[in-house]
Amino acid sequence: MLGNYFKKRYESFSVKNKKKITDVPKNALIELTNVCNHACVFCFNPEMKRKNRNLDFKTFENFIKKSVEEGLEEVGLYSTGEPFMTKNLHNYISKAKELGVRRVYITSNGALASLDKVIKCINSGLDSLKFSLNAGTRESYKIIHGYDDFDKVIKNKKDINKYKLKNNIKLEMYGSFVITNLTFNEKENFIQNYGRYFDDILFQNARNQGGRTLNKKEKITSQIESEPKNDIENLKPCDMLWDRLHLTSEGHLTACCEDYENDLVYEKFDNKKTIFDQFNNNKIQKLRQKHLKKKLDGTICKGCLLNKKFEYKKLSNVRVEHNKPNLKKAASLKKRLLKVTNI
């Protein structure tokens, strides 16, 4: 069954007995960069104000070393940006493996994942690569992603698959497909044409990106069967507060993998403190309690989990530097959104 791998994986990391103080997770997502070469209509990255950054290598090394000593086993090198925008990506992979990380995985839009770059990553110890390919045709892809890279991505995928089979490489290859009004009829076509190149594919409707794209999400999924509405009484705590570490490109620890504007930062990573103490500081403990007690007023989490817009405050008073507005990108996004909305 498609997507079954992902379901089992999420369940394997889920913390069943959730308390305000918890163990260091076995899994982490690290934002090597918040820069992306694409501008997908369902994603908040094209609208993100936070300044473009790359994670300092020494900070990465210190975080991995300390986390592995306290139980970290797996690392995903992506979050809000495109990992192949990181110079010498393979060096981050080899350092993680050198320091004892059992499994290193990446999600990429695939446009920059040329065979030569991926071979360097494989040789450095990459265990898994997932392509986020959110359309089944070149025409739809250009509208969704904002760039005419469909054929390039498919070629990259085929080249990697050929190399993998020829050299008996044990690289897991997965796909993901975010569904919108424009693409929900392309799912079967995508499986038929490209399914054989992936070990599994995750299909999911466009989400609200951590509570930041609520209005946009509703418009671009208006013709898709609506998901059940959440209410505060039946709300379940967000697993991410317990089952995964998140490190931003600035070196902050945040509660969410989709924290585009550092709204859920709870501490600046400190190499002199234990990961356990940082992962259980007062701010993250209080946020966990709010989730457990279903009292999420004033947090961005409420809007994310209930799919409604609410006022919120940042978890910490973190100084956020901003990029200059990209008017060309904004105009392109607006134009493409209209095409996805008015079908």
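Phe60 is buried, with a relative accessible area of 0% (buried is under 20%, exposed over 50%, partly exposed in between, with a 1.4 Å probe and protein chains only). Phe57 is partly exposed, at 29%. Both sit in helix H2 (residues 57–69), three residues apart, about one turn of the helix; helices (H or I, at least four residues) and strands (E, at least two) are DSSP runs numbered from the N terminus. An α-helix has 3.6 residues a turn, so residues three or four places apart point the same way.

A word on the model: it is predicted, so local features need pLDDT of at least 70 and side-chain atom pairs count only at pLDDT 80 or more, while totals for chains, interfaces and linings use all residues. Residues are numbered from 1 along each chain as its sequence is written, and side-chain values use heavy atoms, leaving out hydrogens and water.

## Ring pairs

There are 16 aromatic pairs in the structure. The rings of Phe57 and Phe60 have centres 6.1 Å apart and planes at 40°, so this pair is tilted (rings of Phe, Tyr and Trp, the last by its six-membered ring, pair if their centres lie within 6.5 Å; planes under 30 degrees apart are stacked, over 60 edge-to-face, the rest tilted).

Tyr78 and Tyr105 make an edge-to-face pair, 6.0 Å centre to centre with 70° between the planes. Tyr78 is in the loop between strand S2 (74–76) and helix H3 (89–98) and Tyr105 in strand S3 (residues 103–108), so the pair ties together parts 27 residues apart in sequence. Both tyrosines, Tyr78 and Tyr105, are buried.

Elsewhere, ring pairs join Tyr141, Phe150, Phe177, Phe190, Tyr194, Phe198 and Phe203 into a cluster. Phe198 also has the charged end of Lys157 over its ring, 5.2 Å from the centre (NZ of Lys or CZ of Arg within 6 Å of the ring centre and within 35 degrees of the ring normal).

## H2 against H3

Back at H2, Phe57, Phe60, Glu61 and Ile64 meet Asn91, Tyr92, Lys95 and Ala96 in H3 (contact is heavy atoms within 4.5 Å). The axes of H2 and H3 come within 10 Å and cross at roughly 25° (lines fitted to C-alpha atoms over the stretch in contact, with angles from 0 to 180 degrees between N-to-C directions). That makes H2 roughly parallel to H3 (angles under 35 degrees).

## Around H5

Tyr141, one of the cluster residues, is also among the buried residues of helix H5 (residues 138–145). Strand S4 (128–132), helix H6 (150–166) and helix H13 (327–341) are included in what covers the buried residues of H5.

How values were computed. Angles under 35 degrees count as roughly parallel, over 145 as roughly antiparallel, 65 to 115 as roughly perpendicular and the rest as oblique.
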